[in-house]
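Notebook open, one chain to go through today. I'll jot down what I look up as I go.

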Amino acid sequence: MLQQLFKNPMALLCMGIVLVTALLGIFAPWVAPNDPYANDILNKFDSPSWQYPLGTDHLGRCVFSRMLFGIRPTLFLSLLTMLGTIGLGVLMGITAGYFRGTVDEVIMRVVDVMLSFPSQIIILAVVALLGVDIRNVVIASIFIKWAWYARMIRTATIKYTGMNFVLFSRSIGSGNFYILTRHMLPCIAAELAVLASLDTGWAILNISTLSFLGLGVQAPVPEWGAMLNEAKNVMVSNPEQMIVPGIAVVVLVGAFNMLGDCLRDALDPKAVRQ
């Protein structure tokens with residue numbers, strides 16, 4: 001089935017965008033032509049040139065260099081958020097779906113409470129309680145999103161619990177840990193991959209939005225949402241200051257969303273035909 005994914009031009013394009021973006025973020029210190037923190041107020045809002053490929057901002061800093069260094073908090077913190085969310089969601093969802101009974105009731109009631117509140121309101125409340133810091137944004141995002149994953153994974157786990165290979169494994173005396181790790185996790189891995197790729201775009205938008213509001217990454221650290229916040233004051237006189245990070249966010253989020261759709265089509269072609 002994965003062969004279909006690598007034969008899909010859209011999937012290859014999306015994977016290429018994500019891979020190139022990640023590599024640029026990793027090697028930003030060697031790729032960036034200038035120091036992203038260096039101010040040169042005499043050259044503020046300078047036009048694109050060989051020295052400044054995307055021009056300079058209101059403090060004379062290289063926009064291109066700040067875009068490259070901004071990949072790290074924008075993309076890598078989003079991936080960290082998704083890893084934490086998936087880890088907690090898998091733990092709770094697979095426990096509830098496999099053991100059922102009282103354990104299932106307790107976990108699902110907690111999930112219901114978590115999902116009853118708007119996610120952005122909870123994130124803002126957690127950040128206000130813990131303080132303005134990007135680490136608190138990541139914690140808040142994991143805190144609110146794991147419940148959605150737990151519910152989805154619980155449903156998938158219940159579907160596989162009654163399968164013959166699980167019943168046979170129980171009948172020969174296999175322990176619960178063995179069944180969960182050797183049977184359940186591989187069965188739901190495809191669904192997890194689709195959910196994670198689709199939701200990574202949400203994590204990028206969430207971190208960028210909170211940074212734009214001044215609740216995430218703080219100046220002078222380069223981050224795409226924070227760069228949009230700095231550029232909003234010159235939106236009319238120098239619109240390119242907002243266009244560059246704005247397009248970058250749209251392209252990266254779109255790549256993850258399209259990649260999730262391609263993964264779903266490749267891993268579950270029957271559902272697509274239906």
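**Entry 1: a pair in α5**

I started with Asp112, which counts as partly exposed at 28% relative accessibility. This is a predicted model, so I keep in mind that side-chain atom pairs count only at pLDDT 80 or more. I then looked for a charged partner and found Arg109, in a salt bridge with Asp112 whose closest N and O atoms are 2.8 Å apart. Arg109 is partly exposed too, at 41%. Both sit in helix α5 (residues 101-115), three residues apart, so about one helical turn separates them.

Next I asked how many salt bridges the chain has, and the count came to nine. I followed Glu230. Is Arg61 buried or exposed? I looked: Arg61 is buried, with a relative accessible area of 3%.

Glu230 also meets Arg66 in a salt bridge, at 3.9 Å from N to O. I note that the cut-off is 4 Å. Arg66 belongs to helix α4, so its pairing with Glu230 in α10 links parts that are 164 residues apart in sequence. Arg66 is buried as well, with a relative accessible area of 1%. I then checked what else joins in: Asp57, Arg61, Arg66 and Glu230 are linked in a network of salt bridges.

**Entry 2: helix α10 itself**

Helix α10 covers residues 224-231 and is mostly covered, with six of its eight residues buried. The buried ones are Trp224, Gly225, Ala226, Met227, Leu228 and Ala231. I also looked at the start of α10, where a side-chain oxygen of Glu223 comes to within 2.7 Å of the backbone nitrogen of Gly225.

**Entry 3: a nonpolar patch**

Leu19, Val20, Leu23, Leu24, Ile26, Phe27, Trp30 and Val31 make a nonpolar surface patch of about 770 Å². Two elements give two or more residues to this patch, α2 (9-26) and α3 (28-31). Which of them gives the most? It is α2, with five residues. I picked out Ile26, which lies in helix α2. Ile26 counts as partly exposed because its relative accessibility is 42%, and the patch takes residues with over 30%.

**Entry 4: the whole chain**

Last, I zoomed out. I counted 12 helices and zero strands in the chain. The C-alpha trace spans about 75 × 45 × 35 Å along its principal axes. Of the 274 residues, 43% are buried. The accessible surface comes to about 14100 Å², and carbon and sulfur atoms hold 69% of that. I also looked at contacts with a separation of 6 or more: residues 24 or more positions apart account for 70% of them.

Terms used
Residues are numbered from 1 along each chain as its sequence is written. Side-chain values use heavy atoms; hydrogens and water are left out. Patches are made of residues with over 30% relative accessible area and no salt bridge: like charges are joined within 9 Å, nonpolar side chains (Val, Leu, Ile, Met, Phe, Trp, Tyr) within 5 Å. Accessible areas come from the Shrake-Rupley method with a 1.4 Å probe; for residues, only the protein chains shown count as cover. A salt bridge is a side-chain nitrogen of Lys or Arg within 4 Å of a carboxyl oxygen of Asp or Glu. Helices (H or I, at least four residues) and strands (E, at least two) are DSSP runs, numbered from the N terminus. Buried means under 20% relative accessible area, exposed over 50%, partly exposed in between (1.4 Å probe, protein chains only). A polar contact is a pair of N or O atoms within 3.5 Å; within protein, one must be able to donate a hydrogen and the other to accept it, and residues adjacent in sequence count only if both atoms are side-chain atoms. Contact means heavy atoms within 4.5 Å.
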